[in-house]
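This report goes through a few features of the structure shown below. Please keep the sequence and the 3D view at hand while reading.

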Amino acid sequence: MSDAPSEERRRQLEAGDAAAMPALAVVVGAQADDALASFHLKRLLKGAKGVRIQLE
């Protein structure tokens, strides 16, 4: 079963949509144990865009 809100956040991230950051902030606020949402929110707060992850 697909999680429509998760799919929408994924699409927002892929598109570089500015709405992805507040959407992820809502998820992290409601579900602090969602490690993936927290990871992506931190990336966006540091200026990252999209879904590509650069490891350093």
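The model is a predicted one, and the values given here are computed from it. Glu8, with a relative accessible area of 36%, is partly exposed too.

The side chains of Arg11 and Glu8 form a salt bridge, with an N to O distance of 3.2 Å. Both residues belong to helix 1, where they sit three residues apart, or about one turn of the helix.

Arg10 takes part in a salt bridge with Glu7, at 2.8 Å from N to O. Helix 1 covers residues 4–15, and because Arg10 and Glu7 are three residues apart in this helix, about one helical turn separates them.

Arg10 also forms a salt bridge with Glu14, and here the closest N and O atoms are 2.8 Å apart. Glu14 and Arg10 are four residues apart in helix 1, again about one turn of the helix.

## Packing of helix 2 and helix 3

Two packed helices are described by the angle between their axes and the distance between the axes. For helix 2 (residues 20–30) and helix 3 (residues 35–45), the axes come within 9 Å and cross at roughly 140°. At that angle helix 2 is oblique to helix 3, because only angles over 145 degrees count as roughly antiparallel. The crossing of the two helices is left-handed.

Which residues make the contact between helix 2 and helix 3? From helix 2 they are Ala20, Met21, Leu24, Ala25, Val27 and Val28. These meet Ala37, Ser38, His40, Leu41, Leu44 and Leu45 of helix 3. Sorted by type, the residues of this contact comprise ten nonpolar, two polar and no charged.

Definitions and conventions. Residues are numbered from 1 along each chain as its sequence is written. This is a predicted model: local features need pLDDT of at least 70, side-chain atom pairs count only at pLDDT 80 or more; totals for chains, interfaces and linings use all residues. Side-chain values use heavy atoms; hydrogens and water are left out. Axes are lines fitted to C-alpha atoms, for helices over the stretch in contact, and angles run from 0 to 180 degrees between N-to-C directions. Angles under 35 degrees count as roughly parallel, over 145 as roughly antiparallel, 65 to 115 as roughly perpendicular and the rest as oblique. A crossing is left-handed if the near helix is turned anticlockwise from the far one by less than a right angle, and right-handed if clockwise. Contact means heavy atoms within 4.5 Å. Ala, Val, Leu, Ile, Met, Phe, Trp, Tyr, Cys and Pro count as nonpolar, Asp, Glu, Lys and Arg as charged, and the others, Gly among them, as polar. A salt bridge is a side-chain nitrogen of Lys or Arg within 4 Å of a carboxyl oxygen of Asp or Glu. Buried means under 20% relative accessible area, exposed over 50%, partly exposed in between (1.4 Å probe, protein chains only).
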